[in-house]
Amino acid sequence: AGGLMTAAVLSAVLGQKILPGVTMTGTINPDGSIGPVGGIYYKLLGAKRTGMTKVLIPAGITRQRACQLGFQDLIARGRALGLQVVEVADVQAAYRHLTGNSLPRPRDEGQKFALPTLARAAAIKAYGNWSRTFDTWIGRMKAANAKLAPKVSPPVVRLWRAAQARRAEAREAFKKKNYPAALSLMWSAAVLADLGAHVSHLEFLGRTKGLGAMAVAFRGYLTRGVFFRNFEARLKARPVRNLNDLITVADAYLFFNAARGLSQTTWMMHRKLRRSPNRNFSVRLIVDGTKYAVLARNLVSLMDSLLAVGLGHSGPVLPPENKLTAWAKMMFRAAQANLGYIEAAIFGPAARRRGRSARRLKGWWLDRDLHYLVALRCFDSVRAIMNRGGAGLHLSAAVLGGAVGSWSLSALVVAKHDSLWVKVDPAGRIKALGNPAGLERLLLSGRTRLRAGLIRARAAGFLPVMPIFHLRVAEYSARPGAALSDRLSALSEYWLGSTWGRLFIVLGR
């Protein structure tokens, strides 16, 4: 359903009429936000021809490509047609414009949200564990770099600097007592150091023993099925006593599904490696595959940290299994809609403009956009789980977690390409945004919705642990002066947290 249909149903339920002359375009997301649509340039003309005077569009989309016309300013387009074009971030804002009335929303008086004492202690302990892991890997990277000296390659130098910078950020967050952000950043630092140690070793092998030795080492880095089966068995053994536990386990399954999907990608890259006659391409496959293998292994390890933080707290009683299953399937469809939109409305037109196949362009982005890769692989893992069939609490939690993760990451991909107009270099690194003001509006609306869910939950007498965790991570990542890549990731954290918060309220009724 779209945002307009959502508002219309609400107005019918509440007995309030839609104002004449006002309409809107945009989808409705599971967390209440208004999602993107295409063709707004032409829809404005349609609205004018049917007598409309005000058109609501999704927040962040003020410029959009219109077939052969290139990027068009939608606000200016509306002004030229005699229309007032207004951005709306969520269904509350849309409803206010469409009816002149406000939907109920909890009063936000700047309440503070912190993890419960036991969760905070678990986050601090996990931070210490990842700090020691960082020290181990940075030591190995230093030893490997000594073998490469004096000709340490630029990619290895970048990894070394990035790992050190991440650790400094983690320590700063810890000093400010934002323990969720400190844990997340120290985990990221450890992953970078881990990857740096492996890439340094691969480079040493390439210089001393050749491509064959690099390929053998790469195969040794790949994660096998038994690793995931053992970890899944441990996860299923965790008791789930209430809704806080359930959302924590579902959040853990998010990372598990992402890790399993990335692992499958590394095996596909290994098969490509055996068929590749090009040395440069083979080296890139080995390095990129190592990156995904390291990330997959550390994502699984991160699950233990999240479970320690989120399990064992009070919460609403567990919902009936059929209700949980229905929501899990709905989130799967939401992720599927996002991924379908990316292919049809973003990659398809881009491929036609460049005279390339959509499949090749999709492959190019999968190689360069980690958010898109993880969203797609997470979705594939969930689809495989659903195709196997079965029932049970953990199965529904696995589908729910993977689907929510795929939705929040694919929503970020849509925002980057359809709202914010990211500008990337040939390696896929983001250099700038074509619509930086849109990012500020999206960050604000995401934070507002997440906090609204927490306020509602607290009013009901509960404290949702994982939504608070994501709120604290997002607030630190979105801070002024943070790297652009971190501020973009904060969007996904806000959407993830607000979706868990919404589910906490709905499933806890």
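## Cavities, contacts and turns in a predicted model

The largest cavity of this predicted model holds about 200 Å³ of space, where a cavity is a set of points on a 1 Å grid over the protein atoms alone at which a 1.4 Å probe fits but cannot get out, and a volume is the space filled by probe spheres set on the points, which are joined across faces, edges and corners. Of the 20 residues that line the largest cavity, those closest to its centre are Asn29, Ile34, Gly35, Pro36 and Trp495, a lining residue being one with an atom within 4 Å of a point. Two or more residues of this lining come from each of strand E3 (34–35), helix H15 (393–419) and helix H16 (436–459), and H15 gives the largest share, five residues; helices (H or I, at least four residues) and strands (E, at least two) are DSSP runs numbered from the N terminus. By class, the lining of the largest cavity has 13 nonpolar residues, six polar and one charged, with Ala, Val, Leu, Ile, Met, Phe, Trp, Tyr, Cys and Pro counted as nonpolar, Asp, Glu, Lys and Arg as charged, and the others, Gly among them, as polar.

Residues are numbered from 1 along each chain as its sequence is written. Because the model is predicted, local features need pLDDT of at least 70 and side-chain atom pairs count only at pLDDT 80 or more, while totals for chains, interfaces and linings use all residues, and side-chain values use heavy atoms, with hydrogens and water left out.

H16 and helix H18 (484–507) each supply at least two residues of the lining of the second largest cavity, with the largest share, four residues, coming from H16.

Arg441 lies in helix H16 and Glu87 in strand E7 (residues 84–88), so the pair ties together parts that are 354 residues apart in sequence. In the whole structure a search finds 22 salt bridges, each defined as a side-chain nitrogen of Lys or Arg within 4 Å of a carboxyl oxygen of Asp or Glu.

Strand E8 (residues 422–424) pairs in the antiparallel sense with strand E9 (residues 430–433) over three bridges, pairing being assigned if DSSP finds at least two bridges between two strands. Lys423 stands opposite Ala432 in E9, and the two strands, E8 and E9, form a hairpin with five residues between them, where Gly428 in the turn has a positive phi of about 90°.

Ala149 and Pro150 are joined by a cis peptide bond with omega of about 5°, and Pro150 lies in the loop between helix H5 (117–148) and helix H6 (154–175). Lys177, a residue other than glycine, has a positive phi near 65° and is found in the loop between H6 and helix H7 (179–208).

Note on methods: On a 1 Å grid over the protein atoms alone, a cavity is a set of points where a 1.4 Å probe fits but cannot get out, and a pocket is an open set with protein on both sides within 12 Å along at least five of seven lines; lining residues have an atom within 4 Å of a point.
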